[in-house]
Amino acid sequence: MMRITIDRSGGFANISSHRSVDTDRLPHEERAAIERLVHRALKTDASPAGMPDAYIYEVAIDGRRFVVGEAPGAWGKLIERIERTLV
């Protein structure tokens, strides 16, 4: 059971977005997939983007906050999955 919030800012047009998911409310398979991605992401560095006009993501997982740039890998996969999740 996790509460995950993602706030995106930056980018060329500086269009922000907000997404929030409570894994408790998701079907079992979706919850398990997201929680696996969270555990993988937490094992890697979350670092802000160094490029101009790149998106910056503020990710909160059960109250712990991380700033993540536009990088592939575990954080990127987690962000992409949360953005696709229907609540």
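How many bridges join β1 to β2? Six bridges join them, and the two strands run antiparallel. Keep in mind that the model you are looking at is predicted.

R3 has D22 in β2 as its bridge partner. Now follow the chain through the hairpin of these strands. Six residues lie between β1 and β2 there, and G11 takes a positive phi near 80 degrees. N14 sits in the loop between β1 and β2 as well. Its phi is near 50 degrees, which is also a positive value, and N14 is not a glycine. Why is that worth a second look? Most residues other than glycine have a negative phi. N14 counts as exposed, because its relative accessibility is 53% and the cut-off for exposed is over 50%.

Now widen the view to the sheet. Four strands form an open sheet, with antiparallel pairing. Read across the sheet, the order is β2-β1-β3-β4. Which strands stand at the edges? They are β2, residues 17–22, and β4, residues 64–69. Each has a single partner strand, so one side of each is left without a neighbour in the sheet. Neighbouring strands are turned against each other by 15 degrees on average, with direction ignored.

Move to the other end of the strand order. Strand β3 covers residues 55–61, and β3 pairs with β4 in the antiparallel sense over six bridges. V59 has F66 in β4 as its bridge partner. I61 stands opposite R64 in β4.

The hairpin of β3 and β4 has two residues between the strands. D62 lies in this loop. Is D62 a case of positive or negative phi? Its phi is positive, near 50 degrees, and D62 is a residue other than glycine. D62 is partly exposed, with a relative accessible area of 48%.

Helix α1 covers residues 28–42. How do the two helices lie against each other? Two packed helices are described by the angle between their axes and the distance between the axes. Here the axes of α1 and α2 come within 8 Å and cross at roughly 150 degrees. An angle over 145 degrees counts as roughly antiparallel. The two helices are therefore roughly antiparallel to each other. Their crossing is left-handed.

Which residues make the contact between α1 and α2? From α1 come E30, A33, I34, L37, V38, R40, A41 and L42. From α2 come A74, W75, K77, L78, R81 and I82. The residues of this contact divide into ten nonpolar, no polar and four charged.

R36 also lies in helix α1. R36 is partly exposed, with a relative accessible area of 46%.

Finish near the start of the chain. M2 has its place in the segment before β1. Is M2 buried or exposed? M2 is buried, because its relative accessible area is 10% and buried means under 20%. What does M2 touch, leaving out residues up to four places away in sequence? Its contacts are V21, D22, T23, E35, V38, H39, I61 and D62. Several of these names have come up already. D22 is the bridge partner of R3. V38 belongs to the contact of α1 with α2. I61 stands opposite R64, and D62 takes a positive phi in the hairpin of β3 and β4.

The C-alpha atoms of R25 and M2 are separated by 9.8 Å, with 23 residues as their spacing along the chain. R25 is found in the loop between β2 and α1. While M2 is buried, R25 is exposed, with a relative accessible area of 69%.

Terms used
Residues are numbered from 1 along each chain as its sequence is written. This is a predicted model: local features need pLDDT of at least 70, side-chain atom pairs count only at pLDDT 80 or more; totals for chains, interfaces and linings use all residues. Side-chain values use heavy atoms; hydrogens and water are left out. Two strands pair if DSSP finds at least two bridges between them. Axes are lines fitted to C-alpha atoms, for helices over the stretch in contact, and angles run from 0 to 180 degrees between N-to-C directions. Angles under 35 degrees count as roughly parallel, over 145 as roughly antiparallel, 65 to 115 as roughly perpendicular and the rest as oblique. A crossing is left-handed if the near helix is turned anticlockwise from the far one by less than a right angle, and right-handed if clockwise. Contact means heavy atoms within 4.5 Å. Ala, Val, Leu, Ile, Met, Phe, Trp, Tyr, Cys and Pro count as nonpolar, Asp, Glu, Lys and Arg as charged, and the others, Gly among them, as polar. Buried means under 20% relative accessible area, exposed over 50%, partly exposed in between (1.4 Å probe, protein chains only).
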